[in-house]
Amino acid sequence: MIVGGGIAALEAVLALRELAPRAIRATVLAPEVEFTYRALAAVEPFGLGQMRRLPLAELAAEFSFTHVQDRLRSVEPQRRTLRTESGTDLTYGALLIATGARANPALSGALTYGGAQSNPRLAELLREIRLGEVGRVVFAVPEDTDWPLPLYELALLTATQASASSVAPEIALVTSEQAPLGMFGDRASAGIARLLESSGIEVATAATAIRADDEGLLLDDGTTVGADRVVALPRFDVPEIPGVPQAADGFIGTDRYMKVEGVSRVWAAGDATWFPIKQGGIAAQQADSAAHSIARLVDPAIELQAFRPVLRAALLTGKAPWYLRAAIGDRPRTSAAGTAPLWWPPAKVAGRHLGPYLARAAGVTGPHDRLPELADVETLEGEELAETEADHMEALGLALTAADADARWRDYDGALRWLEVAEKINLTLPPEYERKRQAWERRRKPSAAEVPRSSRAAPTATQ
Ligand SMILES: Cc1cc2nc3c(=O)[nH]c(=O)nc-3n(C[C@H](O)[C@H](O)[C@H](O)COP(=O)(O)OP(=O)(O)OC[C@H]3O[C@@H](n4cnc5c(N)ncnc54)[C@H](O)[C@@H]3O)c2cc1C
């Protein structure tokens with residue numbers, strides 16, 4: 001029984017299918033009907049693409065799991081039973097809790113960006129920026145934020161978009177970190193510092209923000225960083241799950257195989273767990289560890305796989321994305337950063353199974369016997385790096401040119417397929433191509449499968 005319909009849950013489904021395809025029947029208990037790719041939430045207000053959504057019913061058919069559309073209310077581990085919000089009792093052989101974390105405002109007075117639900121407020125801010133109504137925006141990483149990357153992304157995307165307008169605001173990033181994205185190690189952090197500088201973003205590190213008000217962002221040393229608008233990341237907690245031991249703020253403690261401490265046959269993975277970095281790639285690695293441990297219940301030959309976190313992140317910049325990688329706990333850290341992909345396929349969320357699946361399955365098609373696994377790519381330097389970056393730009397340029405050519409011939413399906421290729425190469429589309437995509441989607445003729453039954457021509461006798 002897998003509770004949740006997010007990244008950790010889906011990675012666990014794919015891993016279990018790989019490890020014990022016949023011996024384990026998975027049920028996914030999740031309230032929604034679609035899997036949404038939250039890590040790409042910010043592309044929508046910037047007009048750089050669409051957040052990917054996959055119907056859970058299609059995934060259930062493809063990967064042979066049952067989807068129960070409900071929410072977990074409580075667990076009775078001794079009886080291996082859980083109760084849903086609608087009052088149904090469900091039994092399980094093994095339970096994986098992957099319910100994610102709840103985002104709460106961390107800085108009063110700021111626009112808290114917690115994903116797609118914050119997009120209307122972000123879109124409004126971008127509109128005000130375009131109209132020249134905002135002179136200075138400050139992006140603030142609150143104290144104790146262990147995954148600040150989404151805020152860097154917002155600052156860079158805002159700067160890229162604003163640079164195209166005649167009345168660009170000043171943009172600053174104020175962070176409690178000692179160095180920009182310092183968690184990725186010195187080399188990567190130095191690269192990010194250069195990127196921010198070249199994007200015209202002013203940076204203040206080791207600064208503790210208290211709150212935002214009309215003047216700007218108030219820091220704990222009594223100074224104020226002037227701002228018309230402040231954007232901040234949330235603070236997370238996990239709601240109570242009766243029957244499951246939870247620590248401070250509701251996070252669930254596990255061992256290194258993601259087994260929940262103090263109860264039998266219960267595992268946890270993802271943002272709901274004790275591990276401080278709330279990141280999709282990490283959630284997927286935890287799900288893989290849990291899946292190995294669960295699959296071992298039915299096949300003792302399966303080796304346990306301890307959770308050994310490696311951070312892999314793709315930072316959207318509005319131009320070519322930056323790839324960052326670091327193994328946590330390594331001294332010195334295996335730090336790498338640059339526009340050349342550091343893993344393949346270069347998915348935004350680097351899940352071992354989910355990454356390749358999402359990169360390939362923009363439109364989910366028939367069953368795959370075996371999906372390739374995500375693999376790290378060697379770090380490139382000097383000429384090799386420059387060459388790879390040039391190759392990247394050339395491949396992207398070719399895909400976009402091919403899309404334009406197909407569209408000129410009114411082959412909008414072909415043009416849209418080329419845009420998908422471009423999106424896989426670059427994770428996002430240049431804004432003018434996102435606008436073209438919307439126009440081409442309107443112009444293309446729907447395929448027979450998409451035409452509602454009632455409006456299809458009735459077959460004639462000769463057909
Ligand atoms: C704006 C933004 C950008 C990000 N960028 C990146 C990035 O570039 N790379 C990256 O790796 N990560 C990124 N992340 C983080 C990443 O999205 C999360 O770490 C990841 O989604 C966590 O996965 P999860 O499965 O633990 O939780 P979620 O993906 O949040 O899924 C939780 C699931 O549990 C369900 N659920 C909740 N309560 C219950 C219940 N009681 N019963 C049943 N189901 C329940 C929810 O409906 C949901 O389906 C980003 C996050 C945000 C918000």
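Entry 1: I looked up Glu170 and found it partly exposed, with a relative accessible area of 46%; buried stands for under 20% relative accessible area, exposed for over 50%, and partly exposed for what lies in between (1.4 Å probe, protein chains only). The model is predicted: local features need pLDDT of at least 70, side-chain atom pairs count only at pLDDT 80 or more, and totals for chains, interfaces and linings use all residues. Residues are numbered from 1 along each chain as its sequence is written, and side-chain values use heavy atoms, with hydrogens and water left out.

I noted a salt bridge (a side-chain nitrogen of Lys or Arg within 4 Å of a carboxyl oxygen of Asp or Glu) between Glu170 and Arg136, whose closest N and O atoms are 2.9 Å apart. Because Glu170 belongs to strand 13 (residues 170–175) and Arg136 to strand 12 (residues 136–141), the pair ties together parts 34 residues apart in sequence. Strands (E, at least two residues) and helices (H or I, at least four) are DSSP runs, numbered from the N terminus. Arg136 counts as buried, at 14% relative accessibility. I also recorded a network of salt bridges that links Arg136, Glu170 and Glu202.

**Entry 2: Glu423 and Arg437.** I found a salt bridge between the side chains of Glu423 and Arg437, at 3.4 Å from N to O. Glu423 is in helix 9 (residues 412–426) and Arg437 in helix 10 (residues 431–443), so the pair ties together parts 14 residues apart in sequence. Glu423 is buried, with a relative accessible area of 7%, and Arg437 is buried, with a relative accessible area of 7%.

**Entry 3: Count.** I recorded 16 salt bridges by this rule.
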